[in-house]
Amino acid sequence: MNEKELSYGILRAIGILLGVVFLLYFLYEIQSVLLYIAVAGVISLVGRPVVIFLRNRLRLPNKIAVVMVLLLVVSMFIGLITIFIPIVVEQSKNLGQIDMDAFTRDLNELNTQINNYLGVDEIDIIEGIKQTEFARNFDLSTIPTYLNNFFGILGAAAIAVFSVIFISFFFLKDSKLMLNSILVFANQGHEEKFQRVFNKIKILLSRYFVGLTLQITVLFVLYSILLSIFEIDNPIAIAFICAFLNIIPYLGPIIAGILISLFVISSNLGADFQTIILPQLIYVMSGYIICQLIDNFINQPLIFGASVRSHPLEIFLVILIAGLTSGIMGMIVAVPFYTAIKVIAKESLSEYKIVKRLTRDL
């Protein structure tokens with residue numbers, strides 16, 4: 001290799017490195033757009049079976065079927081808003097009318113009852129809150145800043161909703177739009193393999209997200225019934241929040257259980273702990289455990305087993321590794337990402353024994 005070729009190789013390597021750095025920086029800058037595309041992709045995967053049903057069974061035109069599905073999505077979104085906004089307004093009024101002295105007495109009384117019941121030294125909750133870093137550093141002058149941030153978030157949310165719906169429309173309208181976009185990166189002669197991999201991933205992820213939607217819906221109904229039976233305040237909103245937390249595998253149900261416990265206690269604040277709060281807490285949490293057993297033994301096997309065709313232990317290890325390396329977001333995307341990797345590996349690395357073993361059910 002002469003000096004000219006060596007210089008050309010170094011310059012080429014530097015150029016490639018700079019190109020990669022620029023690409024990563026560009027992707028970082030447009031991460032919100034990538035998120036919109038990802039959410040729209042999930043909506044298209046969930047809504048595609050409904051579009052096919054409306055188009056093939058009811059003989060509706062493709063555009064009308066797509067519009068109907070998007071109207072259903074928007075209606076669900078508006079329904080959630082109509083559920084939560086009155087609750088937020090009501091709670092804001094309640095906070096404005098609350099007697100802080102009475103609230104402090106009730107909280108301290110509850111604290112005393114719990115300590116006496118458990119036989120531990122009394123802990124002053126109010127003083128503990130006052131000693132937190134947030135309480136010590138809180139400045140009333142920052143309220144306008146918080147309000148500006150709040151309205152900024154509302155504006156960004158409006159843009160996000162419009163963008164997701166707009167992108168979802170074209171993903172649902174043209175089922176090959178995503179495929180054609182991906183085929184741009186395929187080498188000539190490899191388009192058929194790319195198409196086969198893409199279609200397999202789309203089918204598996206569509207089943208997974210449809211199953212996940214069904215899981216959240218079933219849990220929402222079960223939680224709503226449970227909280228309504230025991231007359232917990234705002235059962236619909238609490239049930240939706242706790243059901244939606246189940247998109248975080250394993251950790252989500254724990255957080256939901258803690259939230260339900262806190263809502264049960266807050267709904268009975270001022271009542272006797274041993275005779276009222278504790279029995280109701282036991283009944284509600286027993287019902288919650290039953291709901292989780294139904295989910296674990298009926299819903300999840302259908303989603304993780306039949307949908308993505310992976311062993312439960314395999315899924316557990318993947319989610320655990322993703323959680324340790326990437327936190328909660330990693331746990332949420334672990335199963336879809338792992339499923340895509342398995343399909344790609346089956347097509348590209350099928351000669352390896354471990355790949356054959358892991359992908360034998362695909």
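**Before you start**

This is a predicted model, in which local features need pLDDT of at least 70 and side-chain atom pairs count only at pLDDT 80 or more, while totals for chains, interfaces and linings use all residues. Residues are numbered from 1 along each chain as its sequence is written, and side-chain values use heavy atoms, with hydrogens and water left out.

**Whole protein**

Show everything as a cartoon. The protein has 14 helices and 0 strands. Helices here are DSSP runs of H or I with at least four residues, strands are runs of E with at least two, and both are numbered from the N terminus.

Switch to a surface. The accessible area is about 23600 Å², and 70% of that belongs to carbon and sulfur atoms. Such areas come from the Shrake-Rupley method with a 1.4 Å probe; for residues, only the protein chains shown count as cover. Of the 362 residues, 29% count as buried. Buried means under 20% relative accessible area, exposed means over 50%, and partly exposed lies in between (1.4 Å probe, protein chains only).

Now think about contacts, meaning heavy atoms within 4.5 Å. Among contacts with a separation of 6 or more, 63% join residues 24 or more positions apart.

**Stop 1: helix α2**

Select residues 31-56, which form α2. The expected span of a helix is 1.5 Å times one less than its number of residues.

Zoom in on G47. Here α2 bends by about 40°, and a proline, P49, follows within four residues. A bend is the angle between axes fitted to the seven residues ending at a position and the seven starting there.

Colour the buried residues of α2. They include Y36, A40, G41, I43 and L54. Then pick A38, also in α2. A38 is partly exposed, with a relative accessible area of 44%.

**Stop 2**

Next, select Y36 and I159. This pair is 123 residues apart in sequence and 9.9 Å apart in space, C-alpha to C-alpha. I159 sits in helix α7, residues 143-173. Is I159 buried or exposed? I159 is exposed, at 52% relative accessible area.

**Stop 3: two loop residues with positive phi**

Most residues other than glycine have a negative phi. Select R59, in the loop between α2 and α3 (62-97). Its phi is near 60°, a positive value in a residue other than glycine. R59 is exposed, with a relative accessible area of 69%.

Move to Y250, in the loop between α10 (235-244) and α11 (251-267). Phi of Y250 is near 65°, again positive in a residue other than glycine. Y250 is partly exposed, at 38%.

**Stop 4: helix α13**

Select residues 312-348. This is α13, with 37 residues. The end C-alpha atoms are only 25 Å apart, short of the 54 Å that a straight helix would reach at 1.5 Å a residue. Centre on S326 for the answer to the opening question: α13 bends there by about 145°.

Stay in α13 and find V335. V335 is buried, with a relative accessible area of 1%. V335 and S310 are 25 residues apart along the chain, and their C-alpha atoms are separated by 9.4 Å.

**Stop 5: the salt bridge**

Side chains of opposite charge can pair when their charged atoms come close. A salt bridge is a side-chain nitrogen of Lys or Arg within 4 Å of a carboxyl oxygen of Asp or Glu. How many salt bridges does a search of the whole structure find? It finds 1.

E314 is buried, at 17% relative accessible area. K342 is buried too, at 4%.

**Stop 6: cysteines**

Select C242 and C291. C242 is buried, with a relative accessible area of 0%, and C291 is buried at 7%. A disulfide is a pair of cysteine sulfur atoms within 2.5 Å. A search of the whole structure finds 0 disulfides.
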